[in-house]
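These are my notebook entries on a structure that I had not looked at before. I went through it one element at a time and wrote down what I looked up.

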Amino acid sequence: MLPAPTPDALAHSHRMTAHLHALIARLGGWIPFSRYMEAVLYAPALGYYAAGATKFGAAGDFVTAPELTPLFGRTLARAIAPVLEETGGEVLELGAGSGRLAVDVLGELERLGRLPTQYSILEVSADLRQRQQETLMRELPHLRERVQWLDALPDHFQGVIFGNEVLDALPVERVHWMEDGAQTRGVVREGKSFAWQDRPIVDPVLRARAGTINQAPGYLSEINLAADALIASLARMLDHGLILMIDYGFAAAEYYHPQRHMGTLRVHVRHHALDDPFYLPGLCDVTAHVDFSAVAQAGVAAGLELAGYTSLANFLLGSGLTGLLMQTPPTDAARYLPQANAVQRLVSPAEMGELFKVIGFAKGGITPLAGFAHGDRRYAL
């Protein structure tokens, strides 16, 4: 059962709703779902990621891998360390959440003697940026000067770029396949709330993409053009190095499977998953799974080499997760058991191990990553 929102939270959602109603009216009474999703997540001072509520961990709405255990970030650091040594480059993290992953990656790179001269974080949320700064100052004050926050991507970059659960938070288009072709699903005002309304697709890029997906009438799903654009932007700025994206999703054949006829759009609030994106806007996370085939095609089209694609479990195990876990003796049950339970969640097919995937792109030539050595699924893309 969902907990009732506090009066302050409810008032915040009412302000978000008023903002959306004004946006819809200003744009002629209808907006594509991507505009709705962008607003409910990122509208200044109102959007889910722009406001101050706790989002991550047990007290928030969902748990991410870095919040489960520091072994996730430490394993990621070991995976990217050889690339940093080869390129002599820096690290750029996209959307750093609470800052937990940055702390764990930097701490492990320091232990390995491979600290980058600069660790940059691109963060669009002022609220999250402040939390990240507080986390870094609390946990790694001596490395604080190595970390900088960016408002936009740099023109050139060499080293490693990574993002954990970034692609799923990009605004998506909703597409409804009908007897007379695909239509884009948008949002209109209905009383004090919202309703769906389909319209013909105007955007030629979206129309062309929808035309490549052959579905029966009534099929509803998502197309993430923003993910394509992000990967293309990263490709343009990367001179030499690696891009790693970690997220939940599927290759296209599974993403657009006939049985997934209602799409992948989900709303997360207080560890509950809902299907209604109009529920308490501004208080809930709205996400969609990632079509990794489209991500791969965008990267290759932009001149990147596909370095690998595999499950999170395969990548972490291939990158040394088990060895890091065993640094804590099993006889020390108080320390070992919580870590072992967290690792089980990361690698179990019933938890994050299979649903989450890791995709890598390279530019300028790098040594293949150990995490892609076994169980590489590029063939499925």
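How many residues lie between β6 and β7 in the hairpin that they form? I found two residues between β6 and β7 there. Before going on, I noted that this is a predicted model, in which local features need pLDDT of at least 70 and side-chain atom pairs count only at pLDDT 80 or more, while totals for chains, interfaces and linings use all residues. Residues are numbered from 1 along each chain as its sequence is written, and side-chain values use heavy atoms, with hydrogens and water left out.

**Entry on β6.** I took helices (H or I, at least four residues) and strands (E, at least two) as DSSP runs numbered from the N terminus, and I took two strands as paired if DSSP finds at least two bridges between them. Strand β6 covers residues 173-178 and runs antiparallel to β7 (residues 181-190), to which five bridges join it; V175 has T184 in β7 as its bridge partner. Four bridges join β6 to β9 (residues 220-223), also in the antiparallel sense, and here H176 stands opposite L220. I then looked up burial, where buried means under 20% relative accessible area, exposed over 50% and partly exposed in between, with a 1.4 Å probe and protein chains only. Five of the six residues of β6 are buried, so the strand is largely enclosed by the rest of the structure.

**Entry on a three-stranded sheet.** I followed an open sheet with the order β12-β11-β13 and antiparallel pairing. Strands β12 (272-274) and β13 (285-287) stand at the edges with a single partner strand each, so one side of each is left without a neighbour in the sheet. Neighbouring strands are turned by 30 degrees against each other on average, direction ignored. Between β11 (residues 266-269) and β12 I found three bridges, with V269 opposite H272.

**Entry on α4 and α5.** The axes of α4 (residues 70-87) and α5 (residues 100-112) come within 8 Å and cross at roughly 55 degrees. Angles under 35 degrees count as roughly parallel, over 145 as roughly antiparallel, 65 to 115 as roughly perpendicular and the rest as oblique, so α4 is oblique to α5. Taking contact as heavy atoms within 4.5 Å, I listed the residues involved, among them F72, L76 and I80 of α4 and L101, V105 and L109 of α5. By class, the contact has eleven nonpolar, one polar and five charged residues, where Ala, Val, Leu, Ile, Met, Phe, Trp, Tyr, Cys and Pro count as nonpolar, Asp, Glu, Lys and Arg as charged, and the others, Gly among them, as polar.

**Entry on positive phi.** Phi of A45 is near 70 degrees; A45 is found in the loop between α2 (33-42) and α3 (65-68) and is exposed, with a relative accessible area of 58%. Phi of E165 is near 55 degrees; E165 is placed in the loop between β5 (157-164) and β6 and counts as buried at 17% relative accessibility.

**Entry on Y36.** Y36 lies in helix α2 and counts as buried at 0% relative accessibility. Leaving out residues up to four places away in sequence, I found that Y36 touches L20, I31, V187, F194, P277, F278 and P281.

Notes
Axes fitted to C-alpha atoms, helices over the stretch in contact; angles between N-to-C directions.
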